[in-house]
Amino acid sequence: MTLTVEKTNVEEQAIKAKKAAKTLSMLTTEEKNEALHTVADMLEKDYETILQANEKDLEKGKEKGYDDAFMDRLALSKERIYDFAKGLREVADLEDPTGIVKSDWDLENGLNVQQVTVPLGVIGMIYEARPNVTVDATGLALKSGNAIVLKGGSSALVSNQTIVEVMHRGLEKTKIPKEAVQFIASTDRSATQELFTMKEHIDVLIPRGGGSLIAAVVNNATVPVLETGVGNCHIYIDKAADVEKAINIVMNAKTDRPAVCNAVETVIIHKEWFETNKDQLIAAFKEHGITPHGDEYALSVLPGAIEAGEEDWANEYLSKHIAVKTVGDVSEAVEHIETYGTKHSEAIVTEDDTAAKTFLGLVDAAAVYHNASTRFTDGSALGFGAEIGISTQKLHARGPMGLPALTTVKYQMTGTGQIR
């Protein structure tokens, strides 16, 4: 396979996507579903081609000294590729989010008014070292009737380009034009900047990755942005928390997949609970290999703890490090989250319903939990199928974004010659 990395004509690709979006928007649910199944079959058939391409990215990653968590996100296997295909089939099984009449009424003059869901149009997807995003985002875009322009990170360039080539071979057998899926293979920063400002062809940008990537898109784009956020997630262990429940939830949220955005980064602990149950917490940290960064009290009771500075309270570790903050009540916990949280996912563990109600009501985040792990802030875990990202903003979409988030509404009026 010959990889082209020269500067691509981003505008030409966006124009092709916009034209394909018109065709795609008129297809039936059955035609879109059939296309997703065909693409899934092609991914499974050509998995060896994708693995060969991925090996080139992994070799480059080793040369550049990427850490283990980064390499894990980058690495593919036959099982992971088959999971990509499974995800596409699951998206095909979901309800079509377009063409839904949300409201319907008649005016006094007989004019019928319907509010109907329609695709956004062309989505620009900017992301980092996760080849799965290439497939997930494409599946969600096509099922919701949108074309997509993909701009992945340079670390997964060969993998992503090959995945798109395989999906194109599948789409050639369907009613969806392959031009509905565009991949910008350029490593030139100007290509990304061009995508940021192409308002006449791109309807929305969705960044997915670290804080610097998201900030770059939000601060520089003239195209509307569906902002996905970093996850400086907190779990507050209240005075009335069940010990086993609290420790299990924190350990799951920290260790199940430490490098994802819904992993917990700070545990806030009521001092009385801490004093009573510190031995169990110390044992859990030791068992799971967690390194605590603590405030003054935490330092005095947690062996091997590192003194927490201002950067720790704001840090998204994405590893088995965790910040430990001691508070006197739920109000202090909420105040800490307001100061350092990223409006992603926040949880309280308590058997006190009043404390839970206070926490859930006051904390401003896309997802809030009572007695559950923050790891459930995920489209597949919540039954959305694949997700295109987790929005931490408040306009249009918030939280895990599945198919409905990739639609807008159109008012369709039907009359019999009414004039005003």
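1. Lys325 lies over the face of Trp313, 5.7 Å from the ring centre. The criterion: NZ of Lys or CZ of Arg within 6 Å of the ring centre and within 35 degrees of the ring normal.

2. This is a predicted model: local features need pLDDT of at least 70, side-chain atom pairs count only at pLDDT 80 or more, and totals for chains, interfaces and linings use all residues. Residues are numbered from 1 along each chain as its sequence is written, and side-chain values use heavy atoms, with hydrogens and water left out.

3. Four aromatic pairs turn up in a search of the whole structure. Rings of Phe, Tyr and Trp (its six-membered ring) pair if their centres lie within 6.5 Å; planes under 30 degrees apart are stacked, over 60 edge-to-face, the rest tilted. One of the pairs is Tyr47 with Tyr82, edge-to-face at 6.0 Å centre to centre and 75° between the planes. Tyr47 sits in helix 3 (residues 47-64) and Tyr82 in helix 5 (residues 78-93), 35 residues apart. Helices here are DSSP runs of H or I, at least four residues, and strands are runs of E, at least two, numbered from the N terminus.

4. Tyr47 is buried at 18% relative accessible area; Tyr82 is partly exposed at 31%. Buried means under 20%, exposed over 50%, partly exposed in between (1.4 Å probe, protein chains only).

5. An open sheet has three strands in the order 1-2-16, with antiparallel pairing. Strands 1 (101-106) and 16 (407-414) each have a single partner, so one side of each lacks a neighbour in the sheet. Pairing requires at least two DSSP bridges. Strand 2 (residues 112-119) and strand 16 share eight bridges. Gln115 has Tyr411 as its bridge partner in strand 16.
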